[in-house]
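Please open the model and follow along.

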Amino acid sequence: MTTQSNKLTLTEFPSYRPLLEHYERVKNLHMRRLFSVDSKRVDKFSIEHQDLLLDYSKNRITKETVALLCQLAKEAKLEEWRERMFNGEAINNTEGRSVLHTALRNRSNTPVMVNGKDVMPQINTTIDKVESFSDKVRSGEWKGYTGKVITDIVNIGIGGSDLGPKMVYQALEPFRHERLKVHFVSNVDGAHIDATLKQLDPETSLFIVSSKTFTTQETLTNAHNARKWFLKTALDEMHISKHFVAVSTNSEAVANFGIDTRNMFEFWNWVGGRYSLWSAIGLSVVLAIGMDHFKSMLEGAHSMDEHFRETPLEENMPVIMGMLGIWYNNFFDAESHGILPYDDYLRSLPLYLEQADMESNGKSVDRDGRKVDYATGPIIWGTSGINGQHAFYQALHQGTKLIPADFIISMLTHSEHQEQHNIMFSNALAQTEALMRGRNLDETYADIMASEKVPRDVEQRIHHMVFDGNHPTNTLLIRKLTPHSLGMLIALYEHKIFVQGIVWNLNSFDQWGVELGKQLAKKILEDINAPQATNSHDSSTNTLINYYRDIIQHKE
């Protein structure tokens, strides 16, 4: 197979014009009306897969909408591209790489070929190595240089080497080892590493330096500061091997740092950073929850992979979520999408999905290098549960922007406070109902008049209390947040992002947009440290550099 792009762009697909005409017919339909004429609407617009239930009935759609959107996906050759990804073809065309995070959780162990070689043996070897190491740390067999067991683990990384493991560590708190606490350092701001190190004892701390090339500026800066801090106590560099390990491919740089390369855990160039938590990048997670729970998470993701690969498009959870995003982004001109988890353990999921989605599909050039003439990846944002209700839900209900949102709710709680969980669950469903139904003028007046204290200025106040409704939401119910269900949830969003990238004809697996800033930062850093003022940039940047130089040189 080749990695040729789709010959047609979004607006040239045969189904685009019928979709546009359909949009004109249904754009003013109110969901309240759709529910009133079809008491079984939720049965038609919901999908269940194992411990996940997607209710997408509160969307501005009809059966015809779904059929047309799925036809668009077929015309974009989604099914063919899906097979190319799973089969190891180099669909990351700008870097000539396969995209095989799915192989990392391939629990069937079916061979996956890259350049004629099955990659499953090396994946399994790395899993075994991670398991052996984590078992030693968790059991207390692995000890620091003074003979004390490890109590604190520090994951030093950035981007995908930080966001994914940190999100999973928080999400799976009920499954953590009682002795081990994991810290995550990513920000190159020295305050971050300093605040973390203040909590640690060098005799009982283990650092994981996560960098594929072992050259990432932010990660290596923090790693060297941690190394310096450690040696103030340990004194002898030979002790580094007991307290520092690496997740990398650069054995020479790892060895030069002082890390025993036997404690270097490999991953491969077909593992994208934002898809890497399934690889050895997940070492901090394995140390926290154990390999059995980590494998359960892999199995959950694998089950979603199989659902995505085998289920017809009209019944396919990632496909439906992805195409609904296309519907709002490219027809209703929605610019953002909210991620609203009603589960405190999932509080970092919106931040994780910001990277996963916006770094994948935040692009204005398609696979062929052509400037697109249609909207691509939306702004992804959100926060946890009821906190958001007291922050930004005002704009969701009565603002001028259409903001589709996903409400993610765990039904069974790990907490003993069932009544509090009932409060949270009821609030989540109330918000989706309110966003869908709204409240018209007559209903608002009736509610006011039925209240215990009727204000005198009803006529002046009432228009501020009307809700238009008709705001679309998806509701994702998780039976209980476990490693298995979390794996399914993450894989669901990965595949949703893939679906949208294919329809927009994007390479969702590169990120060239981050490169220019990195290059310019190196030059600016040189200018800051130079003996003379700079004039090699634009007037604004020159002024700011020189102003900063003056401040830090005369800070006393």
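How much space lies in the second largest cavity? About 80 Å³. This is a predicted model, where local features need pLDDT of at least 70, side-chain atom pairs count only at pLDDT 80 or more, and totals for chains, interfaces and linings use all residues. Residues are numbered from 1 along each chain as its sequence is written, and side-chain values use heavy atoms, with hydrogens and water left out.

A cavity here is a set of points, on a 1 Å grid over the protein atoms alone, where a 1.4 Å probe fits but cannot get out. Points are joined across faces, edges and corners, and the volume is the space filled by probe spheres set on them. The count comes to 4 cavities of 30 Å³ or more.

Start with the largest cavity, with a volume of about 90 Å³. Its lining residues (an atom within 4 Å of a point) include Leu 104, Ile 123, Trp 268, Trp 278 and Phe 294. α7 (120-139) and α14 (291-310) each give two or more residues to this lining. The largest share, 4 residues, comes from α7. Helices (H or I, at least four residues) and strands (E, at least two) are DSSP runs, numbered from the N terminus. The lining holds 10 nonpolar, 2 polar and no charged residues. Ala, Val, Leu, Ile, Met, Phe, Trp, Tyr, Cys and Pro count as nonpolar, Asp, Glu, Lys and Arg as charged, and the others, Gly among them, as polar.

Now return to the second largest cavity. Among its lining residues are Tyr 328, His 337, Pro 404 and Lys 496. Two or more residues each come from α15 (317-330), β10 (336-342) and α22 (483-503). α15 gives the most, with 4 residues. By class, this lining has 5 nonpolar, 5 polar and 1 charged residues.

Note on methods
On a 1 Å grid over the protein atoms alone, a cavity is a set of points where a 1.4 Å probe fits but cannot get out, and a pocket is an open set with protein on both sides within 12 Å along at least five of seven lines; lining residues have an atom within 4 Å of a point.
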